[in-house]
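Have the structure open as you read.

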Amino acid sequence: MFRHGIDGKKLLPAIVVCFTLFFAGLVLLAYGCAYRHLPGGGKAPATAFEQVLAWNAAGAQANSGLADTIIGLQRAGFISIPAAKSILIKQGQIAEADLRITNLISAAAACAQQSAGANATTAELDAAGAACAKISAPQLRRDIDLVTSLIVALTDESALGIKDPAKRDATTAVVKNMGNLIGQVFTMLSKVGVLAPASAAPGRGIFRMKEVCS
Amino acid sequence: MSIVVTLYQLASLLGAVVVPSIETALKIKAAFESLGPEYRANIQALTDAAVHANAETIAKVNAWLMEQGFEPLPPDAAVAK
C-alpha cells in the first residue's frame, strides 16, 4: 500500500478532492448575471425570475459537488465520520429546502407568463412574476432563512472538521459561495417586491452581496 | 470559460481525476451564460437543473449514511404534500 511514503489508497481521493474544490471554486467565482441570446445575435438581460432560477440552480449544483467533496475527504481520512455525517445531513436539509424554493419560484415564473402574455416585456414579466410569487412569500422566506442558517452552520463545521488547512480553506470557500448565491436570490426577490428587504435572519450579513443584476 | 475547459481537458488527460459533478457544474455555467430567447424553455431548463442537483445531493447523502450504518434523511413532508 505504501510506496515512497505515499498511501495509494488515499492518493486518488485526495487528487479528486483537490480538483473538485478547484473547479467548484473556479466555476462559482465566474458566476455573474445571466443573459439571453436573442435570435438576431444580440443579448438581453434575463428576467428577474430567470436570474433567480439561474443562481438557485448554481447553488444546488455547488451543494451537490460539495457532497462529493465531503465524502471524498472522509474516505481519504481528512475528516472524521461524525464530522462528515453532521455536514452531509445539513447538506441534505439544504437540498430538501431548495427543492421547495425551486418549486415555488418556478411556479411563480410560469404564472408570470400566463398572466402577462406570451409577448410580454422583461419588465412586465418581472411585475407579473412578483405578483404571482406574493402568495408564496412566507414559505419562500422560511426556506431561504433555513438554507441561510444551515450554510452559516456549515461554514463553521467545515472550518472545524477538516484537518488539512488547504482543503479546509477551499471547502469553506465553496460553502461561502453557496451563501452568496442564496443571498443573491434573496436580494433579487426583495428587489422585485416579493420579500421584505429587512432581515434578521441568522448570518445573512456575513455573505457577500453583489450588486443585483438589472 | 475556455480556460476552464482547457484545464478540465488537461486534468482529464492526466488520469480522469475530475469527478462528474464538476462536468455538470460546467454545463450549468454554460446554460447560465447562454439562455435562449424563450422564457418558458429557460425557466424549465433551470428548474430541471436545480431539481436534478438537489435530488442527486439527497441520494448521495442517503447512500453515504446507509453505507456507514446510519438512518437515511427522514422524508421531507413539505415536498411530499
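First, a word on naming: helices here are DSSP runs of H or I with at least four residues, numbered from the N terminus. Keep in mind that this is a predicted model. With that in hand, take H6(A): the residue to look for after this helix is A:Gly193, which has a positive phi near 90°.

**Helix H3 of chain A**

- H3(A) covers residues 81–116, which is 36 residues.
- From first C-alpha to last, H3(A) reaches 51 Å, close to the 52 Å expected at 1.5 Å a residue.
- At the N-terminal end, A:Ser80 does the capping, with a side-chain oxygen 3.2 Å from the backbone nitrogen of A:Ala83.
- At the other end comes A:Gly117, which follows H3(A) and has a positive phi, near 95°.

**Helix H6 of chain A**

- H6(A) takes in residues 165–191, so to speak a run of 27 residues.
- The span of H6(A) is 38 Å between its first and last C-alpha, close to the expected 39 Å at 1.5 Å a residue.
- At the start of H6(A), A:Asp164 puts a side-chain oxygen within 3.0 Å of the backbone nitrogen of A:Lys167.

**How the chain A helices pack**

- H2(A) and H3(A) pack with their axes 10 Å apart, at an angle of about 165°. Angles over 145 degrees count as roughly antiparallel, and that makes H2(A) roughly antiparallel to H3(A).
- H2(A) goes past H3(A) in a left-handed crossing. The residues in this contact split into 18 nonpolar, six polar and one charged.
- H3(A) also meets H5(A), the helix of residues 137–161: their axes come within 9 Å and cross at roughly 155°. H3(A) and H5(A) are therefore roughly antiparallel to each other.
- The crossing of H3(A) past H5(A) is left-handed, and the contact residues here are 15 nonpolar, six polar and five charged.
- H5(A) in turn packs with H6(A), the axes coming within 9 Å and crossing at roughly 165°. So H5(A) is roughly antiparallel to H6(A).
- The H5(A) and H6(A) crossing is left-handed.

**Salt bridges and the link between chains**

- Over all chains, the count comes to seven salt bridges.
- One of them pairs the side chains of B:Lys60 and A:Asp68, 3.2 Å from N to O.

Key:
Residues are numbered from 1 along each chain as its sequence is written. Chains are lettered from A and ligands numbered from 1 in the order in which they are written. This is a predicted model: local features need pLDDT of at least 70, side-chain atom pairs count only at pLDDT 80 or more; totals for chains, interfaces and linings use all residues. Side-chain values use heavy atoms; hydrogens and water are left out. Helices (H or I, at least four residues) and strands (E, at least two) are DSSP runs, numbered from the N terminus. The expected span of a helix is 1.5 Å times one less than its number of residues. A polar contact is a pair of N or O atoms within 3.5 Å; within protein, one must be able to donate a hydrogen and the other to accept it, and residues adjacent in sequence count only if both atoms are side-chain atoms. Axes are lines fitted to C-alpha atoms, for helices over the stretch in contact, and angles run from 0 to 180 degrees between N-to-C directions. Angles under 35 degrees count as roughly parallel, over 145 as roughly antiparallel, 65 to 115 as roughly perpendicular and the rest as oblique. A crossing is left-handed if the near helix is turned anticlockwise from the far one by less than a right angle, and right-handed if clockwise. Ala, Val, Leu, Ile, Met, Phe, Trp, Tyr, Cys and Pro count as nonpolar, Asp, Glu, Lys and Arg as charged, and the others, Gly among them, as polar. A salt bridge is a side-chain nitrogen of Lys or Arg within 4 Å of a carboxyl oxygen of Asp or Glu.
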